[in-house]
Amino acid sequence: MGLLDGRTAVVTGGGSGIGRATCRRMTEEGARVAVFDVDAPSAEQVAKEIGGVAFGVDVGDPDAMKAAVDAAASELGGLSIIYNNAGTSAFNRLHELDVSEWDRVLRVNLTGVWAGIRAAVPHIRAAGGGSIVSTASISGTRPAAGEGPYSASKAAVAALTASAALEYGPTIRVNAVSPGMIRTTMTAPWFEYMPDQEERFVTGTPVGRVGEPEDIADVVVFLCSDLARFVTGQNIVVDGGLTLHGSGVDTIFDRVFPEG
Ligand SMILES: NC(=O)c1ccc[n+]([C@@H]2O[C@H](COP(=O)([O-])OP(=O)(O)OC[C@H]3O[C@@H](n4cnc5c(N)ncnc54)[C@H](O)[C@@H]3O)[C@@H](O)[C@H]2O)c1
């Protein structure tokens with residue numbers, strides 16, 4: 001018996017990385033999945049692999065999202081889960097960002113999550129209840145220089161999650177996941193251009209490695225399942241402990257007790 005037997009799900013950004021891994025895990029746990037991605041061929045590829053359905057759609061277009069979610073619910077025979085995961089990033093000084101760059105990040109990462117909630121809620125209610133999960137980021141609570149619009153959008157996703165949990169309980173549970181450094185297309189350039197980053201995350205993360213998309217997918221499956229029946233409004237950090245660092249006495253222990 002699977003954790004998501006009988007459930008039907010939309011996964012945005014399902015064509016790559018964390019979204020693709022989640023489409024696979026949800027399917028393994030018994031869900032029927034609609035793969036949403038602005039890159040239609042990648043959505044189709046994943047849908048073919050998992051026996052799901054594919055939609056080429058831009059999450060930042062709320063009316064297109066509504067039409068696609070309606071169509072997905074109709075094809076799947078209802079909808080009980082949406083995972084709002086599609087995201088994009090920018091890296092620049094705030095005063096040098098183009099307006100178009102600012103708009104793009106906020107539109108995909110924040111408006112896209114709202115568009116998913118707006119489109120899915122009527123269907124999840126009609127199904128008698130279910131779960132909404134969205135991808136925030138550790139950047140939302142521990143922002144770094146250069147990622148202003150990204151960090152702000154992800155902090156907003158956590159706030160939107162709390163609001164939605166209050167609005168839609170007890171019928172719908174609403175949560176977010178905040179991944180740490182996960183090896184995907186989005187983060188590949190960091191490792192390509194700065195090979196020392198790999199070692200930095202291995203030594204700087206208590207679990208001793210860079211994250212993989214499946215590390216997030218498993219937590220999303222948990223949040224969508226009945227195992228998480230008393231969890232709502234939360235932003236679950238899944239970063240191998242990376243953000244535990246940074247206290248005033250950080251690293252002193254290792255210098256006092258160097259022998260481990
Ligand atoms: N990789 C990490 O370390 C990390 C860390 C924290 C948060 N995240 C978040 O995880 C989510 C997934 O990212 P990933 O790392 O798997 O990256 P990825 O690039 O592998 O996948 C992102 C997917 O989203 C799709 N997408 C982008 N814009 C879209 C749009 N407007 N409409 C529909 N689909 C769109 C892309 O085509 C791609 O398939 C994002 O929200 C990202 O911000 C990633």
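This is a predicted model: local features need pLDDT of at least 70, side-chain atom pairs count only at pLDDT 80 or more; totals for chains, interfaces and linings use all residues.

Trainee: Why is Ile 138 called buried?

Mentor: A residue counts as buried if 20 or more other C-beta atoms lie within 10 Å of its own. Ile 138 has 20 such atoms, so it is buried.

Trainee: Why are Asp 63 and Thr 251 placed in the exposed class?

Mentor: The limit for exposure is 12 or fewer neighbours. Asp 63 has 10 other C-beta atoms within 10 Å and is therefore exposed; Thr 251 has 10 C-beta neighbours inside 10 Å, so it counts as exposed. Asp 63 lies in helix α3 (residues 62-76), and its C-alpha atom is separated by 7.9 Å from that of Ala 115, 52 residues apart along the chain. Thr 251 lies in the loop between β7 (235-238) and α9 (252-256).

Trainee: What backbone feature does Thr 251 show?

Mentor: The phi of Thr 251 is near 75°, a positive value in a residue other than glycine. Another positive phi, near 70°, belongs to Gly 51, which follows α2.

Trainee: What makes the bond between Gly 169 and Pro 170 a cis peptide bond?

Mentor: The omega angle between Gly 169 and Pro 170 is about 0°, and the bond is cis. Pro 170 is in the loop between α5 and β6 (172-179).

Trainee: How do you know that the buried residues of α2 line one face of the helix?

Mentor: The buried residues of helix α2 (residues 40-50) are Ser 42, Ala 43, Val 46, Ala 47 and Ile 50. Viewed down the axis of α2, these residues fall within an arc of 135°, so they line one face. In general, an α-helix has 3.6 residues a turn, so residues three or four places apart point the same way. Pro 41 and Lys 48, on the other side of α2, are exposed. The cover over the buried residues of α2 includes α1, β2 (32-37) and β3 (53-56).

Trainee: Which residues have the most contacts inside the largest nonpolar core?

Mentor: They are Ala 9, Val 10, Val 35, Ala 120 and Val 220, in a core of 67 residues. Helix α4 (residues 99-126) supplies the largest share of this core, 10 residues. Ala 120 touches Val 10, Val 69, Leu 79, Ile 82 and Ile 132, again not counting residues up to four places away in sequence.

Trainee: Why is the chain called as compact as a globular protein of its length?

Mentor: The chain has nine helices and seven strands. Its radius of gyration is 18 Å, close to the 18 Å that the globule rule gives for 260 residues, so the chain is as compact as a globular protein of that length. Of the 260 residues, 47% count as buried. Among contacts with a separation of 6 or more, 70% join residues 24 or more positions apart.

Trainee: Which residues come nearest to the ligand, and how is the shell around it made up by class?

Mentor: Of the 29 residues around the ligand, Gly 13, Ser 16, Gly 17, Gly 87 and Thr 184 come nearest. The largest share of the shell, three residues, comes from α1, and α1 (17-28) and α4 each supply at least two residues.

Methods:
Residues are numbered from 1 along each chain as its sequence is written. Helices (H or I, at least four residues) and strands (E, at least two) are DSSP runs, numbered from the N terminus. The radius of gyration is taken over C-alpha atoms; the globule rule is 2.2 Å times the number of residues to the power 0.38. Two residues are in contact if their C-beta atoms, placed from the backbone, lie within 7 Å. A nonpolar core is a set of buried Ala, Val, Leu, Ile, Met, Phe, Trp, Tyr and Cys residues joined through C-beta atoms within 7 Å. A residue is near a molecule or strand if its C-beta atom, placed from the backbone, lies within 6 Å of it. The arc is that of the directions from the helix axis to the C-beta atoms.
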